[in-house]
Each structure stands twice: as C-alpha cells, then as structure tokens.
Amino acid sequence: MKTINDDTIKQLIAWRTFKTNQHLVANQLKLSGNDAQQELLNELIEHRFKKYTASQLAELVVAHDANLGWSITYARLDLISRHYKQLGKRAQMEHAAELKDVSTGIIKLANDSGDMTSISEFKLQQVVAQFPTDKTRLFVDMTLRYGRLEAQAVLKLTNKQYQRRLRNATSYVAKHSDKFSLVTNQVRDRQLYVLNSLNELFSIIDKEGNIQEWIDSHIKLVNELLADSEVRYQGAVLNHWETTNRADQYAFVRICISQQNKAQLWLDQSNEAIRQAGEAQSN
C-alpha cells in the first residue's frame, strides 16, 4: 500500500488501540505525543500495512479489526526494539552503566508474588529477541514486564493456553541455553560496564569536565585499572587528580584506552556470535 487517505488516518489515530501504543512510544522513547504519533504511523505505513490496499485498510480500521490491532502493537514493539538496537551500535549504549539515571532506560519486572527485579530496556530487548517468532517474543515481553495476570488478560489467554505458552517458552530457553547466555551472562555485563564507564570518562575529558567526580564514583574500576598501569603515584590519581603529575595522568589515560579497546573488541565478538546463533536458528 503506497497511500492512505486522510479519513483513514483520522480514524486510525482515534482508535483506542492506536492511542494506547502511541502513549507507550512517547513514554518509552521520551517523545512528545505528536512525535510518537508520527513515528508509529510511519512504522505502520512503511512496514505493517504494506500488504493492504488503501480500501482494505480503511475497512479494517472502521471495523477495529483485531489482527490490525495486533499490527499496531507489533509496530510499537518494533520501534522500541530498533531504538535500543541503534543505541547498541553506538558502542553498546554509551551510557548503559548509568541507565539508572534515565527513567525510561530501567524497568521493573514483577513476578506474581510481587517481587521486583530491575533490568535495562536494552537488556530485556536482547533477551526477548532471542525467541524465534513475533508471537513468542510478544508473549515473553508482556509476561516479563507485566506478569501473568495482565499478559493473560491482554493476550486473551485462558489459564491452560497461558501455561502452554509458558512451557513452550521455558523449553525453548532450556534447549538454547548457550544462545541466551550470550546476552545474559555476567562476563558480558562486566564488559558492558567497563566499556560504558570508560566511554563516559572520555566524554568528560573531551568536555573538560570533573574527572575526580568520575573517579570517586568508579573506585573499584579505577583500582583495577591502576593495578595494570604504569602510574607511579596511584594514591594521587585516586584522590587528587587535578594536582597529579602529568606523567601519571597520561599513564592512567593510556591504560583506560587499552581497556576500552579490549572491552569493545570482546563485545564486538560477542555480538557476532549472537548474530550467527540467530542465523543458525532461523535456517
């Protein structure tokens, strides 16, 4: 479908399903309502609605067709997923280690007992992306975000249907544990932390910001870096950066550059392994 008439657009954006997803896009991507509306429309027209003629789409919108409603939901999920994948390409999200400072970057996952677990949106999207179909990805995403009761209600699943899908998803994870471990293991989290922290440091250096403040908030990492460095007076770097001699400052920066490059290389290789695992699964 190459065009969509104004009346259809007006009816589409007035549809409750569209408004709900527009609101979620605005919240998750920190966009204005109008910008979120345009992003969602573009995604639908360019991708999800391409298989319909203009007249077919008009009829489906008027009828509030259920499948069309799911297309809107999937379009929103595609937008969010692509957003965080693009961030990932920028050095695995330059500020992932500091996402606690970004309201939309960290989400709270609740189980049916009410226990909460914090996870970055980026990490959740990585995990969900490992599942083989859109249907399963949506089920897992909603279950992790909102818990069983809400996921079951939104997806209109009986208890038996929900439990069957949950068993299937759990079985898939068990059979492909190596694939999931690539995006969930502690080694990867550590490399992400090192890379993101050092990216932040060099951003501060470029802006001539407060390096001592960064050091104070990364004491454990700084000590590890100093242990592998040629810095002579390590206490001065830790506690008095501004008055530390230039030779030791340069030595510290050199080890930071080295570790930054190592972390980036590890993550690049890990990302390639994830990509190959995904391709192997789809073949």
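Okay, a quick definition before we start: rings of Phe, Tyr and Trp (for Trp, its six-membered ring) pair if their centres lie within 6.5 Å, with planes under 30 degrees apart called stacked, over 60 edge-to-face and the rest tilted. By that rule, this structure holds 4 aromatic pairs.

Keep in mind that this is a predicted model, where local features need pLDDT of at least 70 and side-chain atom pairs count only at pLDDT 80 or more, while totals for chains, interfaces and linings use all residues. Residues are numbered from 1 along each chain as its sequence is written, and side-chain values use heavy atoms, leaving out hydrogens and water.

So, two of the pairs. Phe-131 and Tyr-172 have ring centres 5.7 Å apart and planes at 35°, so that pair is tilted. Phe-131 sits in the loop between α6 (121–129) and α7 (134–154), and Tyr-172 is in helix α8 (residues 159–175), 41 residues apart. Helices here are DSSP runs (H or I, at least four residues), numbered from the N terminus.

Buried or exposed? Phe-131 is buried at 5% relative accessibility, and Tyr-172 is buried at 11%; buried means under 20% relative accessible area, exposed over 50%, partly exposed in between, with a 1.4 Å probe and protein chains only.

Next up, Phe-139 and Tyr-162: tilted again, 5.2 Å centre to centre with 55° between the planes. This one links helix α7 to helix α8, 23 residues apart. Phe-139 is buried at 2%, and Tyr-162 is buried at 2%.

Last stop, Gln-249 in helix α14 (residues 246–282). Gln-249 is buried too, at 11%.

Note on methods:
Helices (H or I, at least four residues) and strands (E, at least two) are DSSP runs, numbered from the N terminus.
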